Amino acid sequence: MPSLTFSSQYLPGVTVIAVAGRADITTAYLLDDYIGRTRRHPGDHLVLDLSEVPYLGESALHVLLRAHTVARHHGAGLHLAALQRGPAHLLHATEAAGGLNVHDTLEGAIRAALRAAQPVPVSGQAAG
């Protein structure tokens with residue numbers, strides 16, 4: 001039976017999920033379910049480590065796009081890290097890569113998500 005495995009960690013304002021296995025029509029629902037159950041707050045940025053995902057099908061891509069939409073709706077972002085050749089090709093072929101935050105490394109994705117999760121400093125009031 002095809003399956004995906006997951007692990008997660010939490011950082012301030014960021015949920016990091018590592019995914020391993022083929023993300024296809026038979027497993028996309030597992031990815032969707034895990035993202036939904038794991039994210040602590042809808043406004044948390046989400047980092048998906050896809051370094052152990054050799055294949056990403058259209059059903060799994062729809063899950064990622066939906067997660068991206070939910071994150072954006074709540075003022076957060078979805079960051080995809082360390083895509084293998086097949087998944088990267090799908091993102092580029094469908095032009096989905098242009099609308100997603102794609103990072104070469106997990107470390108880069110986490111740094112970007114942590115920066116984005118930082119509260120925006122309020123500028124000082126003008127002296128009057």
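A82 counts as buried, at 19% relative accessibility; buried means under 20% relative accessible area, exposed means over 50%, and partly exposed lies in between, with a 1.4 Å probe and protein chains only. The model is predicted, so local features need pLDDT of at least 70 and side-chain atom pairs count only at pLDDT 80 or more, while totals for chains, interfaces and linings use all residues. Residues are numbered from 1 along each chain as its sequence is written, and side-chain values use heavy atoms, with hydrogens and water left out.

A82 sits in the loop between strand 4 (78–81) and helix 3 (85–93). Helices (H or I, at least four residues) and strands (E, at least two) are DSSP runs, numbered from the N terminus. A82 has a positive phi of about 55°, although it is not a glycine. Most residues other than glycine have a negative phi. E95 also has a positive phi without being a glycine, at about 65°. E95 is found in the loop between helix 3 and strand 5 (101–103). Is E95 buried or exposed? At 67% relative accessibility, E95 counts as exposed.

The chain as a whole comes next. The chain contains four helices and five strands, and from the N terminus on these elements run β-β-α-β-α-β-α-β-α. Its C-alpha atoms fill a box of roughly 70 × 30 × 25 Å, taken along the principal axes. The chain has 128 residues, and 41% of them count as buried. Contact means heavy atoms within 4.5 Å. Of the contacts in the chain with a separation of 6 or more, 70% are between residues 24 or more positions apart.

Two of the helices can be followed in detail. Two packed helices are described by the angle between their axes and the distance between the axes. Helix 1 (residues 28–38) packs with helix 2 (residues 58–73) at an angle of about 20°, and their axes are 8 Å apart. Here axes are lines fitted to C-alpha atoms, for helices over the stretch in contact, and angles run from 0 to 180 degrees between N-to-C directions. That angle makes helix 1 roughly parallel to helix 2, since angles under 35 degrees count as roughly parallel, over 145 as roughly antiparallel, 65 to 115 as roughly perpendicular and the rest as oblique. The crossing of helix 1 past helix 2 is right-handed; a crossing is right-handed if the near helix is turned clockwise from the far one by less than a right angle, and left-handed if anticlockwise.

On the side of helix 1, the contact is made by A28, L31, D32 and I35, and on the side of helix 2 by S59, A60, V63, L64, R66 and A67. By class, this contact has seven nonpolar, one polar and two charged residues. Ala, Val, Leu, Ile, Met, Phe, Trp, Tyr, Cys and Pro count as nonpolar, Asp, Glu, Lys and Arg as charged, and the others, Gly among them, as polar.

The rings of F6 and Y34 have centres 4.4 Å apart and planes at 10°, so the pair is stacked. Rings of Phe, Tyr and Trp (its six-membered ring) pair if their centres lie within 6.5 Å; planes under 30 degrees apart count as stacked, over 60 as edge-to-face and the rest as tilted. F6 lies in strand 1 (residues 5–11) and Y34 in helix 1, so the pair ties together parts that are 28 residues apart in sequence. F6 is partly exposed, with a relative accessible area of 24%, whereas Y34 is buried, with 14%.

Two prolines lie in loops. P42 is in the loop between helix 1 and strand 3 (45–52), and counts as partly exposed at 41% relative accessibility. Leaving aside neighbours within four places in sequence, P42 is in contact with H74 and A76. P42 and H74 are 32 residues apart along the chain, and their C-alpha atoms are separated by 6.1 Å. P12 lies in the loop between strand 1 and strand 2 (14–20), and is exposed at 67% relative accessibility. Leaving aside neighbours within four places, P12 is in contact with L114 and A117.

The last stop is I110, found in helix 4 (residues 106–117). At 15% relative accessibility, I110 counts as buried. Apart from neighbours within four places in sequence, I110 is in contact with Q9, L11, V16 and V47.
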